[in-house]
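Here is a short briefing to read alongside the structure. Take a look at the view below, and then we will walk through it topic by topic.

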Amino acid sequence: MGQFLQFTINGLMSGAIYALIAVGLVSVFKATRVVNFAHGYLIMFGAYFYFTFAVLVPQMPFAPEWLQSWRPEWMLAMRADLPMFSPMAAVLDWMANLPRILLGLAGALVCNALLGLLIERALMRPLMGQSVFAMIMLTVGLISILSGAAQLIWTSDAEFVPALAPNTPIRFEMFGANIFLFGADLANMAIALLIFLGIVAMVRYTKSGVAIRATAEDQSTAYSMGISVPTVFSRAWVLASTTGAIAGAILATRNGISPALGLFGFSVLAIVLMGGLDSYLGVFIAAMAVGVLEALTQWKLGGEWAGIVPYVAVLIVILIRPHGLLGSKEIERI
Amino acid sequence: MRLNRRHFLAGSAAATATLGAPALLRAQPSEYVIASSLPLTGPFATAGQMVAPALRMFEALVNEDGGIGGVPIRVTAEDSGYVPANALANYQRALATEPNLIMYFGDSTGFMKLVAPELRGENARLMGSTSFASELSDPANNPYQYLPGPSYEDQFDILLQQIADEGGSTVAFIFSNTEFGRDPIAHGRARAEELGLRVVLEEATREQGADIPTHVTQLAQSGAEFCILQGYVTGVWPQLIGGARQFGLPTRFMGTFWGMENAIADRVTAEAGPILDGYAGVMPYKYFYDPERGPVYERYATFQKTAFAGTPLENYMPTWGLQALLSLTIGVEALRKVADKGLELSADNAAEALSELRDWDTGGFFGVPVTMEANKIGTGRVYQYSAETRLFTPTSDWFTV
């Protein structure tokens, strides 16, 4: 039972990150009816922007020393007597990096928002009124552009970035088993869930959210009711880019950074199809289910199966419910 | 002058030689081509993009030395994205478009296994690669493929022997779920049993973006004293070690060739602290910073200083680049032996010449003369990383398996 709990929690932690990635896909689809195949690459750009502002900028000659490593006297004194990998040492090491982590996050949010806006204005908006299929194909083309551009700007070097939260180990015993958790992963899960819930609340309770939902229902009617549909499009892309920036930063802290991060978006695409392309709740359930299934499969069947079993489950759900768990059923009358 | 039989024969021979010379000259091509597939994109792009300039350097230096039999070489590289089918397509395209293709450099274990049955008759070429897959050291079935070092199985044997010598009793294998990762696992399991070691965990992970908490949990619960990591290049292995250190696991980590790059260990140390301190593994070659690096490394260093100024390769050649350089050097060495004998540079002749590389001084790659045995050079030594010096330094002498 303890083992089951351990792997379920691990799965939920991965699931929360999947949900954060998926929220961008759903937002763009809800507003524009476009499945953004390039979302994984937007996330990759978010990760690289985080790397730029958290690692490269603090190393530049003009950057103040405290930006690279903030270690006031009291911190040095506290750190001096601590063993290398003690929980308090992990917290202090993280605090030393805090200025550049905050700069990294701020830089990633702003730059990715601008990138999302640029894509929407320069590439998607001119296609408004054309077939949605053309816009989807454009996102496929965008994959090559973003992937190539990232390699040109940052090269393909594998890089490492500071964690968003202190990676203190958390250990406790439950049902006779030792449970191991990483502080940074719990914090990542909390960040992902808070952002996810914030977006769902925004879509449900704010004026902008109502505009997104109205546009999702019927663009022409939304227009005629005075909603600026192009603005809704822009907001959706900015929302996807900023959530993608946070997701990218989290993924970079977990796995390091390289152009291969872009591929992550494809596995999340399957999760979004399982949950329903236009349902935040459905996608959340699917993300958590896939995260837990992956972890449990890894535990019981090994890594050879961990990449297969959850996606077989996705396939079965789609076969039974082609519009996903909670997605809207589209009925076409001929 | 009267034309007798002797004059007639001498005259005929001279005429034949004069008329035949242009045909012979025509048979000598203006260049030989060595083609390659590299993972310039995809999960191992970091390695591929660092190897690509090394190939350019190789071409320049071989041509400085007169090419092969006086004919210059041209080295080409195409992206495979680390997809074996793409690399196979690249090879087939090279066969179709390069009439003077004499050798190929593959980029993965998957590709080398995929292409092996194709290497027959006209389609066969001498073939080195990035792989140390055990299956490739099989001249009876794969005469044209060779390894520029000990196979992954050999590397596992060395590490397991070291664990046994240090009195260890339990070991975990964590590997990427790829051909590259899985290659030595079954052999390692059997070898561990022979040595009286208990394999308490065999854990397959994604080659990129692995679920680190889950794998570290598995490792913690297995209680392994030692853990051998296999099938990674730039990612996963540092995060796994970092996770284990955060939890205070006493497990000692070891790796094989592709997880032993100093540049990666340095980047990890810079961002995550001294988590890799004590990490050890098998490395067939001297690192580029070795104080006794030998004439070939010195020559590379001189070339790099000017040709790669302003890039990370200006003062350093990663082990990935050294591996490719040695692999190609072996091929060219064999082909030169064929050319010296005046034979055709066919795959069969080149494969035969491979076995003539005995007690060969590589000029610095290895600290001892090496021999190509069963299409592999089974020489290497164990290195250990120190977070303080930020270097891998040898902890064993050179040995041959």
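Which residue in E4(B) is the bridge partner of Gly106(B)? It is Ser129(B). Please keep in mind that this is a predicted model.

- Strands of chain B form an open sheet of 4 strands in the order E2-E1-E3-E4, with parallel pairing.
- Its edge strands are E2 (73-79) and E4, each of which pairs on one side only.
- On average, neighbouring strands of this sheet are turned by 20° against each other, direction ignored.
- Strand E3 (residues 101-106) of chain B is largely enclosed by the rest of the structure, because 6 of its 6 residues are buried.
- Towards strand E1 (residues 32-38) of chain B, E3(B) pairs in the parallel sense over 4 bridges, and Leu101(B) in E3(B) stands opposite Val33(B).
- Towards strand E4 (residues 126-129) of chain B, E3(B) again pairs in the parallel sense over 4 bridges, with Gly128(B) as the bridge partner of Phe105(B).
- Together with helix H4 (residues 109-115) of chain B, E3(B) and E4(B) make a right-handed β-α-β unit.

**Salt bridges**

- Over all chains, the whole structure holds 25 salt bridges.
- One of them joins Arg93(B) and Glu78(B), whose closest N and O atoms are 3.0 Å apart. Arg93(B) lies in helix H3 (residues 84-97) and Glu78(B) in strand E2 of chain B, so the pair ties together parts that are 15 residues apart in sequence.
- Both ends of that pair are partly exposed: Arg93(B) has 38% relative accessibility, and Glu78(B) has 31%.
- Lys113(B) and Asp183(B) meet in another salt bridge (3.6 Å, N to O). Since Lys113(B) lies in helix H4 and Asp183(B) in the loop between helix H6 (179-182) and helix H7 (185-194) of chain B, this pair ties together parts that are 70 residues apart in sequence.
- Asp183(B) counts as buried, at 13% relative accessibility.

**A nonpolar patch on chain A**

- Leu301(A), Trp305(A), Ile308(A), Val312(A), Leu315(A), Ile316(A), Leu319(A) and Ile320(A) make a nonpolar surface patch of about 840 Å².
- Helix H14 (residues 309-320) of chain A supplies the largest share of the patch, 5 residues.
- Leu315(A) is found in helix H14 of chain A and is exposed, with a relative accessible area of 52%.

Conventions. Residues are numbered from 1 along each chain as its sequence is written. Chains are lettered from A and ligands numbered from 1 in the order in which they are written. This is a predicted model: local features need pLDDT of at least 70, side-chain atom pairs count only at pLDDT 80 or more; totals for chains, interfaces and linings use all residues. Side-chain values use heavy atoms; hydrogens and water are left out. Patches are made of residues with over 30% relative accessible area and no salt bridge: like charges are joined within 9 Å, nonpolar side chains (Val, Leu, Ile, Met, Phe, Trp, Tyr) within 5 Å. Accessible areas come from the Shrake-Rupley method with a 1.4 Å probe; for residues, only the protein chains shown count as cover. A salt bridge is a side-chain nitrogen of Lys or Arg within 4 Å of a carboxyl oxygen of Asp or Glu. Helices (H or I, at least four residues) and strands (E, at least two) are DSSP runs, numbered from the N terminus. Buried means under 20% relative accessible area, exposed over 50%, partly exposed in between (1.4 Å probe, protein chains only). Two strands pair if DSSP finds at least two bridges between them. A crossover is right-handed if, with the strands pointing away from the viewer, the path from the first strand over the helix to the second runs clockwise. Axes are lines fitted to C-alpha atoms, for helices over the stretch in contact, and angles run from 0 to 180 degrees between N-to-C directions.
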